[in-house]
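Please look through the structure shown here and follow the explanation that goes with it, which moves from one residue to the whole chain and then to the contacts inside it.

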Amino acid sequence: MNKNILFTILLSTFGVLLAQPDWEDCPGCYEFTATMTAGVSDEGGNILGDDGDILAALDADGNVRGLGTMLDGIGPSDGLILHAITIRSNAGGDIISFKYYDASEDIVLDIAETYTFVINENSGNLFEPYPLNIGSSNEED
């Protein structure tokens, strides 16, 4: 195989992995939790959730406060991909923002909504997910 072709294959295969955000969750770093089951919608109202996508909860300093796991919806949300996320904090009242990594587009997107942390709160469920909507992109112009 031609070295240039091999290099191109390797670059395209591993390029997405290198472009993913370096978000790391630290469950032991925070004392309290809240849970959320969310539906993430793009600007056209389509629910997002494909292989490699990541929903992240972040504090005002950009520290990761939780990473989502994708679930299949049931009942009224049957056929939709939902995101279950445990959000962490050391106190109630922290303002949590969200970002979404869309692996197919290889881009990190801002979520318009924020969440005020409440200890032990459960927001959204498989039947009525908490709505999160894509705001603007983090792309540099």
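Asp 106 has its place in the loop between E6 and E7, where helices (H or I, at least four residues) and strands (E, at least two) are DSSP runs, numbered from the N terminus. This is a predicted model, in which local features need pLDDT of at least 70 and side-chain atom pairs count only at pLDDT 80 or more, while totals for chains, interfaces and linings use all residues. Residues are numbered from 1 along each chain as its sequence is written, and side-chain values use heavy atoms, with hydrogens and water left out.

Although Asp 106 is not a glycine, its phi is positive, at about 55 degrees. Asn 120, in the loop between E7 and strand E8 (122-123), is likewise a residue other than glycine with a positive phi, near 65 degrees. These two values deserve attention because most residues other than glycine have a negative phi. Asp 106 counts as partly exposed at 33% relative accessibility, whereas Asn 120 counts as exposed at 59%; here buried means under 20% relative accessible area, exposed means over 50%, and partly exposed lies in between (1.4 Å probe, protein chains only).

With these terms in hand, we can turn to the chain as a whole. The protein chain has one helix and nine strands, and from the N terminus on its elements run α-β-β-β-β-β-β-β-β-β. Of its 141 residues, 31% count as buried. The chain exposes about 8200 Å², of which carbon and sulfur atoms supply 51%, with accessible areas taken from the Shrake-Rupley method with a 1.4 Å probe, and for residues only the protein chains shown counting as cover. Among contacts (heavy atoms within 4.5 Å) between residues at least 6 apart in sequence, 66% join residues at least 24 apart.

The C-alpha atoms of Ala 84 and Thr 37 are 4.4 Å apart in space, although the two residues are 47 apart in sequence. Not counting residues up to four places away in sequence, Ala 84 touches Met 36, Thr 37, Leu 67, Gly 68, Thr 69 and Leu 71, and with a relative accessible area of 22% Ala 84 is partly exposed.

Next comes the interior. In soluble globular proteins, nonpolar side chains tend to be buried together. A nonpolar core is a set of buried Ala, Val, Leu, Ile, Met, Phe, Trp, Tyr and Cys residues joined through side-chain atoms within 4.5 Å. The largest such core has 19 residues, of which Met 36, Val 40, Ile 87, Phe 98, Tyr 115 and Leu 132 touch the most other members. The elements that give two or more residues to this core are E1, strand E2 (54-58), E5, E6, strand E7 (107-116) and strand E9 (130-137). Apart from this core lies another, of six residues, among them Trp 23, Ala 56, Val 64 and Tyr 101. If neighbours within four places in sequence are left aside, the contacts of Val 40 include Leu 55, His 83, Tyr 100 and Ile 134.

Which charged side chains pair up? The structure holds four salt bridges, a salt bridge being a side-chain nitrogen of Lys or Arg within 4 Å of a carboxyl oxygen of Asp or Glu. One of them joins the side chains of Arg 88 and Asp 25, at 3.0 Å from N to O. Arg 88 lies in strand E5 (residues 81-89) and Asp 25 in the loop between helix H1 (3-19) and strand E1 (32-41), so this pair ties together parts that are 63 residues apart in sequence. Arg 88 counts as buried at 10% relative accessibility, whereas Asp 25 is partly exposed at 29%.

Asp 59, Arg 65 and Asp 94 are linked in a network of salt bridges. The closest N and O atoms are 3.0 Å apart between Arg 65 and Asp 59, and 3.1 Å apart between Arg 65 and Asp 94. Arg 65 lies in strand E3 (residues 64-67) and Asp 94 in the loop between E5 and strand E6 (95-102), so that pair ties together parts 29 residues apart in sequence.
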